[in-house]
Amino acid sequence: MSVPSAAADGMPPADPPSGRPLAQVCHSLVRRLPTGTGAASVRAALDALMERHPGFRGVRLFDERLGVGAGDPVARIRRDREAGRTVDGDPVVARAVVLGYADGEADLVLVAHRRVAADRRALGRLASALSEPGSPLTPPEAAAPGPEPAPASTPARGDASRTPARTTGGAPPLPWGLGDPDRAGRIRTVELAAAKVAADTAPALLVAATALVLARYGASEQAVFGLLAEGPGGGETESLVILPVRDGAGVTELLEAAAERTAPGGERPPEAPAVRVLLTEERPGESYRPAVAPAFPATLDWRYDPDGTVSGVLHHDEGAVAPAVARQFAGHLDRAVRELADAPATAALGDIALVTADEAAAVRAAGRTPARDGTAPVPLHETFRAVAAAQPDAPALSGPGGTLDYAELDARSDTAARVLRSRGVLAGDRVGVCLDRDTDLVVTLLGILKSGAAYVPMDGAYPADRLVHTVTDAGLRLVVSSAPDFPAVAGVTVLSPAELSHADDGPDPARTDTGTDADAIAYVIYTSGSTGRPKGVAVPHRNVHALLSATADDFGFTPADTWTLFHSSAFDFSVWEIWGALLTGGHLVVVPYYVSRSPEDFHGLLVRYRVTVLSQTPSAFAALNEADRHSPAALSVRLVVFGGEPLDVRILRDWFRGHPHTRCRVVNMYGITETTVHVTAHTVTPPDLATGSRTVGRALPGWSVSVRDPAGRVQPFGAPGEIWVGGAGVADRYLGRDELTAARFVTDPATGERVYRSGDLGRLRPDGRLDHLGRIDDQVKVRGFRIELGEIRSVLLEDDGVTAAAVVLGGDPDDPAGVRLDAYVVPRDAGVSMADVRRRAARRLPEYMVPATLTPLSELPLTVNGKFDVDGLAPEAVPDPGPTPATGSGEPADDPVLRVWREILGDHIGPHDDFFTTGGNSLLAVRLSGALRRAGLPPVSLRELHIHPTPAEVSALIAGRDPAGELPGPASA
């Protein structure tokens, strides 16, 4: 009889009620029938079988006639399709299809639930009973149990009838697959090339090749996958394979380790791995599938026969692995098999290159964007002069003190330059700047550049020790600061901005040739360093020129734009804000520190000045977005640029509702201080929100990005590795750190290009877009600041009361305000005060690097690998060292302010706990203010919170407000 096939598209039916994935509990066998055996004889054998064993009444038989020979590709496709269908096990326990061909040959395709045939041996006996009358057969109720598959999981996307979508949902995600969630459940296959290898090593060779490719794709020294292999007598073993794959190890070492893992036995995987390998021996006249369809994101069906011929098929779910990546992966598997088979016994794994030279060149080309602007770079101050001459009356700079037009800013910075030159500043010198964000800051920076020197910005909030280190490390002889307590350093002159505003009469040295060219250093910005001291990054003028040339046309910068200077001059985002505005003729509005920390006030400033170009870290933007939702005033912003830290695009849902992407462009940019602020750009649109895209886009014109493994080899598309950045933005050096410069600023051996090893983890897509995946090393980002955890640890270890220390990133990684630094220390004795340790650390570290929690331990717990083991540890807030005053009448919880405080920081907070020493930060301060408002209480500004940092003080502050809302005492300052 002839019955239509079950599913035209090859998709298996829905899972059984138990939720077990049918793709895992069904296996199949294709056997060439003896000459003269056809559907009628198979039917007779089946009828007899059901008479003897009623449990086999669930076997269904179909007869299909094909008009092609058995060797025709159409016949092979039909055999594979029939062998890939599932049966539900109740009531259908097996399906037998007799495929008859035009040349007289016939195949029996048998698919069975493991309830009726537990393993290959049992399935073979069933096939023999149907094709060879009289063959013995064990009834299904007496069948030995086979390997139990992992339970199915719920689908992430797609139709419930798509078994693969259900089964891949519980497996770990593939970091290299670049799958499309909208295509989850669509199974595709890629044929692997057949090869001839030594017959006795075939199983180990296939497992070793799989391990080598997976390790390279994971930029790791080990490979992890599930293995279902045939054991003695046709039985099967399922195990979790973890193989070390080190470049320095020999090929023989890997093959021997793989041989051990393909031996019978093994440990069943505790959970579904992302990749599963099916390893089966091909026998004459039959072909076996341990699983009829892939039940993992990627399933490798490796086959080998007694003469050493190996072949295979890669099954992949498009929701996990993109077709282009699957083809690339399959090609590298083919190459790995050939290379391992041909490698001499003394060869090392590092000698095997999976990515060919042509492939590597294609990957590098995808990550490179040619420069657009062919004009020769000029120093920043010379570009500014040209802009000022073209529009002298246009507004250039606004701040608390008023507005300067371009002519006034040009003249005031000329005067500053004359004073600096009169004080002995020469071309190539470095001048320190420690000023609040105001108009004096911008005048000073421009004046320093006009004098021929480079500026070295410092934040006035930094502790004295850090300021002294910067001054001495940069070799400064002159610092411009308005801070009355700027630390004194021998041989260093400190000038105030007022002293730069009056120059002696005489020739104007700022209008003479300073000897500055585009290769000269424009600024040195200090970033965190793992040795306990920050390091200075020296950036030339030409780099900033290249940055603006790469972005000005695309972003449409014009003199009609108004920008904000929102960030500290010691943070490289300020380079983009200051020079992006002034070198394109825009209007730069300085945002005072406390305004930048009040979303409502900052929103008001944006409205008042009709700001069009806004640069933000995602952390700061989240609070501004909330303020915008509650404000009736409309913004004029046409461009939002994100940088400084990873962007979770989901925070833009509300923003796009009020500011459609067709009217306000949102650009996510990835960058590093060492590569001049920005490297890539990606315009975010609503579809990105639906997919949770992590892409940071293509390299800017004149920049290049590639992704490398630990040995510096180019990673294929999709495979994670370290981001290497080349092109116009690569900085000159680390100041005075020759060894570190040589280690991080390297020459690409393939191209001769100077590149920067970022330490960031990423993956490159075939279209050249880069996905940023976090950090590789001990570096983290907290509210936009780049921090080396090793620097904090070094500072803690310098404390006499501490014998060991570890610092980790804690809190909620999905909540920028909730991210915090947790420190664990081993005190020298029981009398060491954690509050004192924290206080001493705060003298060396800026506020954003001081740990929010400090937990004493008797010893640092370590993993088996000797690394700090944070699992199970509970971080503790630093206790207030002072006595707790009496609370007065009523329980502390009766205080509505305290209730709000505990909502933000936790139930452990008392009425006299300092906000900033118990886990609070500037972003949580914004959240605290909003929570007070929702509780019907007046909000508290960041300035007020610094002055009144405890719940009791804020309660008193609120109680002391007069009817007009004015604050008494110093809070109104």
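Is aspartate 307 buried, partly exposed or exposed? In this predicted model, aspartate 307 is partly exposed, having a relative accessible area of 42%.

Select aspartate 307 together with lysine 196. The two residues form a salt bridge in which the closest N and O atoms are 3.1 Å apart. Distant parts of the chain are linked by this pair: lysine 196 belongs to strand β5 (residues 187-196), while aspartate 307 sits in the loop between β10 (298-304) and β11 (309-317), 111 residues apart. Lysine 196 is exposed, at a relative accessible area of 56%.

Proceed to aspartate 440 and arginine 412. Here again a salt bridge is present, with the closest N and O atoms 3.1 Å apart. Aspartate 440 is in helix α12 (residues 439-450) and arginine 412 in helix α11 (residues 406-422), so the pair ties together parts 28 residues apart in sequence. Aspartate 440 is partly exposed at 25% relative accessibility, and arginine 412 is partly exposed at 33%.

Next, select glutamate 722 and arginine 757, whose salt bridge places the closest N and O atoms 3.0 Å apart. Strand β28 (residues 721-727) holds glutamate 722 and strand β31 (residues 754-764) holds arginine 757, so parts 35 residues apart in sequence are tied together. Glutamate 722 is buried, with a relative accessible area of 10%, whereas arginine 757 is partly exposed at 27%.

Then display Arg32, Arg79, Glu105 and Asp107, which are linked in a network of salt bridges. The structure holds 45 salt bridges.

Finish at arginine 125, in helix α4 (residues 120-131). Arginine 125 is partly exposed at 40% relative accessibility, and its C-alpha atom is separated by 7.3 Å from that of proline 136, eleven residues apart along the chain.

Note on methods. Residues numbered from 1 in each chain as written. Predicted model: local features only at pLDDT ≥ 70, side-chain atom pairs only at ≥ 80, totals over all residues. Heavy atoms only, no water. Helix = DSSP H or I, 4+ residues; strand = E, 2+ residues; numbered from the N terminus. Buried < 20%, exposed > 50% of the residue type's maximum accessible area, 1.4 Å probe, protein only. Salt bridge = Lys/Arg side-chain N within 4 Å of Asp/Glu carboxyl O.
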